[in-house]
Amino acid sequence: MLSKIAVLQKIMNSGLVAVVRAESAEQAKKITDACIKGGVGAIEITFTVPGAAEVIKELATTYGLDEIIIGAGTVLDPETARTAILAGAQYVVSPSVNFDTVKLCNRYQVPVMPGAATIKEIVEAMEAGADIIKVFPGESLGPAFVKAVKGPLPQAPLMPTGGVALGNVGDWIKAGCVAVGAGGNLTGGAKKGDYESITTVARQFIQEICDARGLK
């Protein structure tokens, strides 16, 4: 198991988390393979996926931590967070701030990323001990929201999910986000069995992130 700092560093270095709502462990593995080839730092298996804990367990035993970080998403409560961690999740993401979930993750030193949509929720998440705050829903809030938040809260580590696409990922990074979470706009090819497109799009996402960061 990687340390909390190492997990967060890998996610931030890549700047891209693939949010996966796969229909099976097999599909999740194919998506993961494609994402690794594209340079994605982390995969988030949402608990809306049937048998999500089993999918996480299978991925965690299949891939080395040097290849990709496996995390759990749509975690609404501490019970689900503990299930995910026992299955091998290296980080936990939630659509909202649940203090008991944050507390549990901190107890086991597993990075936790609760969702927030207001300044109040962002401050509460930081006070509770969140490692990264998920700006959600991203499509409703937009990069301008992040830029506005960064005025009074320059210390807030923000990562949007929802509506992140190739056309705006650079804007999110330039607004001050430490990383982005991309779902259908990255992994959509899986529905047609086109996994090569996921690798291609992942590389394009990574390039946009590097360009926005001023890196080659």
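Hi everyone. A word on the model before we look around: it is predicted, so to speak of local features we need pLDDT of at least 70, side-chain atom pairs count only at pLDDT 80 or more, and totals for chains, interfaces and linings use all residues. Residues are numbered from 1 along each chain as its sequence is written, and side-chain values use heavy atoms, with hydrogens and water left out.

Let's start with helix α4, residues 78–87. Helices here are DSSP runs of H or I with at least four residues, strands are runs of E with at least two, and both are numbered from the N terminus. Which residues of α4 are buried? They are P78, T80, A81, A84, I85 and A87. Buried means under 20% relative accessible area, exposed means over 50%, and partly exposed is in between, using a 1.4 Å probe and protein chains only. Here is a handy rule: an α-helix has 3.6 residues a turn, so residues three or four places apart point the same way.

What covers those buried residues? The cover includes α3 (52–62), β3 (69–73), β4 (92–93) and α5 (99–107). Contact, by the way, means heavy atoms within 4.5 Å. Just after α4 comes G88, with a positive phi of about 120°.

Axes are lines fitted to C-alpha atoms, for helices over the stretch in contact, and angles run from 0 to 180 degrees between N-to-C directions. Angles under 35 degrees count as roughly parallel, over 145 as roughly antiparallel, 65 to 115 as roughly perpendicular and the rest as oblique. On the α4 side, P78, A81, R82 and I85 make the contact, and on the α5 side D100, T101, L104 and C105 do. By class, that gives five nonpolar, one polar and two charged residues. Ala, Val, Leu, Ile, Met, Phe, Trp, Tyr, Cys and Pro count as nonpolar, Asp, Glu, Lys and Arg as charged, and the others, Gly among them, as polar.

On to α3. The axes of α3 and α4 come within 8 Å and cross at roughly 25°, and the two helices are therefore roughly parallel to each other. A53, I56, K57 and A60 of α3 meet T83, A84 and A87 of α4. Those residues divide into five nonpolar, one polar and one charged.

Time for the threonines. Where is T32 found? It is in helix α2, residues 25–38. T32 counts as buried because its relative accessible area is 0%. Its side chain reaches the backbone oxygen of A28 at 2.7 Å. Not counting residues up to four places away in sequence, T32 touches I43, L59, Y63 and I68.

T199 sits in helix α11, residues 195–213. At 8% relative accessibility, T199 is buried. The side chain of T199 reaches the backbone oxygen of A34 at 2.8 Å. With residues up to four places away left out, T199 touches A34, K37 and G38.

The T48 side chain makes a polar contact with the side chain of T46 at 2.7 Å. A polar contact is a pair of N or O atoms within 3.5 Å; within protein, one must be able to donate a hydrogen and the other to accept it, and residues adjacent in sequence count only if both atoms are side-chain atoms. Leaving aside neighbours within four places in sequence, T48 is in contact with R21 and T74.
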